[in-house]
Amino acid sequence: MHARANASDILPDPQLRDLVPFVAGTRTFAVFAENVEGTAEEKRAAALPHAPAAVLGVVCARGRMLTVLDPIALVGGEAHGWAKRLPCVIALRGDEQLALAAEQSRDAITIAAVDIQRSAKSEDDGLATVILGIARYGGEEITVLNVDQLFTAAVRRKERRRRRF
């Protein structure tokens with residue numbers, strides 16, 4: 001006679017997520033690997049006039065013009081003070097053509113989705129939407145960014161100018 005396991009006795013496989021961590025300032029950030037198109041080193045950012053503090057400029061990377069965002073300004077409100085030549089940019093997938101400035105890009109890591117502690121900030125706080133949560137890996141605290149909210153956070157919900165015909 002075969003023993004049958006109850007559904008409650010079987011542990012579900014944890015959903016594993018790949019993260020691409022990177023360093024900016026004194027903090028370590030990460031985005032989900034499926035949102036990353038690639039990385040590029042030593043890119044000169046062309047400044048954009050009247051851009052918000054979180055927008056560093058545009059770079060040409062991986063055959064596309066990308067708007068580079070400062071992750072420190074996105075989560076803390078104050079610009080990091082990047083040089084014109086950025087040490088590294090993390091090119092993101094998507095129609096918004098964004099990239100994140102980094103001092104160093106690291107190899108992808110894999111963690112369980114449950115290991116990302118969701119942000120406890122209120123929805124009224126602008127940080128709540130850009131910070132997905134905090135992950136701990138190798139004794140380090142990693143701020144996981146919500147790629148879908150980066151542009152909105154960068155322009156602080158200001159509507160872009162639209163050409164009217």
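Predicted model: local features only at pLDDT ≥ 70, side-chain atom pairs only at ≥ 80, totals over all residues.

Colleague: Fine. So is Phe22 buried or exposed?

Modeller: Phe22 has 0% relative accessibility, so it counts as buried.

Colleague: And how many aromatic pairs turn up if you search the whole structure?

Modeller: The search comes back with 1 aromatic pair. The partners are Phe22 and Phe29, and their rings are stacked, with 5.8 Å centre to centre and 25° between the planes.

Colleague: What's the relative accessible area of Phe29?

Modeller: It's 0% for Phe29, so that residue is buried as well.

Colleague: Let's move to Thr28. Which strand is it in?

Modeller: Thr28 belongs to strand E2, which covers residues 27-32. Its relative accessible area is 6%, so Thr28 is buried.

Colleague: What does its side chain make a polar contact with?

Modeller: With the side chain of Glu140, at 2.9 Å.

Colleague: And what else is Thr28 in contact with, leaving aside neighbours within four places in sequence?

Modeller: The contacts of Thr28 include Pro21, Phe22 and Val23, then Arg106, and also Glu141, Ile142 and Thr143. Phe22 there is the ring from the stacked pair.

Colleague: Switching to the sheet: what's the strand order?

Modeller: It's an open sheet of 5 strands, ordered E3-E6-E7-E5-E4, with mixed pairing. The edges are E3 (36-44) and E4 (55-61), each pairing on one side only. From one strand to the next, the twist averages 35°.

Colleague: How do E4 and E5 pair, parallel or antiparallel?

Modeller: Antiparallel, over 6 bridges, with E5 covering residues 64-69. As for a particular bridge, Gly57 has Val68 in E5 as its partner.

Colleague: Remind me, what do strands of a sheet pair through?

Modeller: Backbone hydrogen bonds, in either the parallel or the antiparallel sense.

Colleague: Last one, the overall picture. How many helices and strands are there?

Modeller: The protein has 3 helices and 12 strands. Of its 165 residues, 42% are buried. Taking contacts between residues at least 6 apart in sequence, 56% join residues at least 24 apart.

Terms used:
Residues numbered from 1 in each chain as written. Heavy atoms only, no water. Phe/Tyr/Trp six-rings, centres within 6.5 Å; stacked < 30°, edge-to-face > 60°. Buried < 20%, exposed > 50% of the residue type's maximum accessible area, 1.4 Å probe, protein only. Pairing = 2+ DSSP bridges. Helix = DSSP H or I, 4+ residues; strand = E, 2+ residues; numbered from the N terminus. Axes fitted to C-alpha atoms, helices over the stretch in contact; angles between N-to-C directions. Polar contact = N/O pair within 3.5 Å; in protein donor to acceptor, adjacent residues only side chain to side chain. Contact = heavy atoms within 4.5 Å.
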